[in-house]
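Subject: Handover of a structure for your review

Dear colleague,

Please find the structure below, together with its sequence.

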Amino acid sequence: MIAIYGSEDRPVGASRTFYLSDPSTSEKALIPISVDTKRLNGRLQRRKVKRWAEEVDNLETKR
């Protein structure tokens with residue numbers, strides 16, 4: 001997830017890992033691997049999040 005909030009002008013991100021329940025069953029679900037969400041707010045992590053946002057923007061403009 002990528003977000004910008006409040007007076008902060010740089011994006012922050014969050015990361016959480018899920019696995020997909022057995023696809024052969026009728027009920028499919030995303031199941032979190034842990035209860036924690038990792039915040040991506042360090043200097044290098046923010047650069048990575050900014051690149052992700054730019055990649056998403058580039059994909060949207062190509063449509």
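I begin with Ser 21, which is placed in the loop between strand 3 (18–20) and strand 4 (30–32); helices (H or I, at least four residues) and strands (E, at least two) are DSSP runs, numbered from the N terminus. This is a predicted model, in which local features need pLDDT of at least 70 and side-chain atom pairs count only at pLDDT 80 or more, while totals for chains, interfaces and linings use all residues. Residues are numbered from 1 along each chain as its sequence is written, and side-chain values use heavy atoms, with hydrogens and water left out.

Ser 21 counts as buried because its relative accessibility is 12%; buried means under 20% relative accessible area, exposed over 50%, and partly exposed in between (1.4 Å probe, protein chains only). A polar atom of the Ser 21 side chain lies 2.8 Å from the backbone nitrogen of Ala 29. This is listed as a polar contact, that is, a pair of N or O atoms within 3.5 Å; within protein, one must be able to donate a hydrogen and the other to accept it, and residues adjacent in sequence count only if both atoms are side-chain atoms. Between Ser 21 and Ile 33, the C-alpha to C-alpha distance is 11 Å, at 12 residues apart in sequence.

Phe 18 is in strand 3 and is partly exposed, because its relative accessibility is 38%. Together with Leu 20 and Leu 30, Phe 18 forms a nonpolar surface patch with about 320 Å² of accessible area. Like charges are joined within 9 Å, and nonpolar side chains (Val, Leu, Ile, Met, Phe, Trp, Tyr) within 5 Å. Accessible areas come from the Shrake-Rupley method with a 1.4 Å probe; for residues, only the protein chains shown count as cover.

Tyr 19, also in strand 3, is partly exposed at 45% relative accessibility. Ile 31 belongs to strand 4 and is partly exposed, with a relative accessible area of 30%.

Charged patches

Lys 38, Arg 43, Arg 47, Lys 48 and Arg 51 form a positive surface patch. Lys and Arg count as positive and Asp and Glu as negative, whereas His and the chain ends are not counted; the place of a charge is taken as NZ of Lys, CZ of Arg, CG of Asp or CD of Glu. Helix 1 gives the most to the positive patch, with four residues. Arg 51 lies in helix 1 and is partly exposed, with a relative accessible area of 47%. The C-alpha atoms of Arg 51 and Tyr 19 are separated by 25 Å, at 32 residues apart along the chain.

A negative surface patch consists of Glu 54, Glu 55, Asp 57 and Glu 60. Glu 54 is placed in helix 1 (residues 43–62) and, at 41% relative accessibility, counts as partly exposed.

The start of the chain

Met 1 is found in the segment before strand 1 (2–3) and counts as exposed, because its relative accessibility is 68%. Met 1 and Gly 13 are 12 residues apart in sequence, and their C-alpha atoms are 5.5 Å apart in space.

With kind regards

Key
Patch = residues over 30% accessible without salt bridge, like charges linked within 9 Å, V, L, I, M, F, W, Y side chains within 5 Å. Salt bridge = Lys/Arg side-chain N within 4 Å of Asp/Glu carboxyl O.
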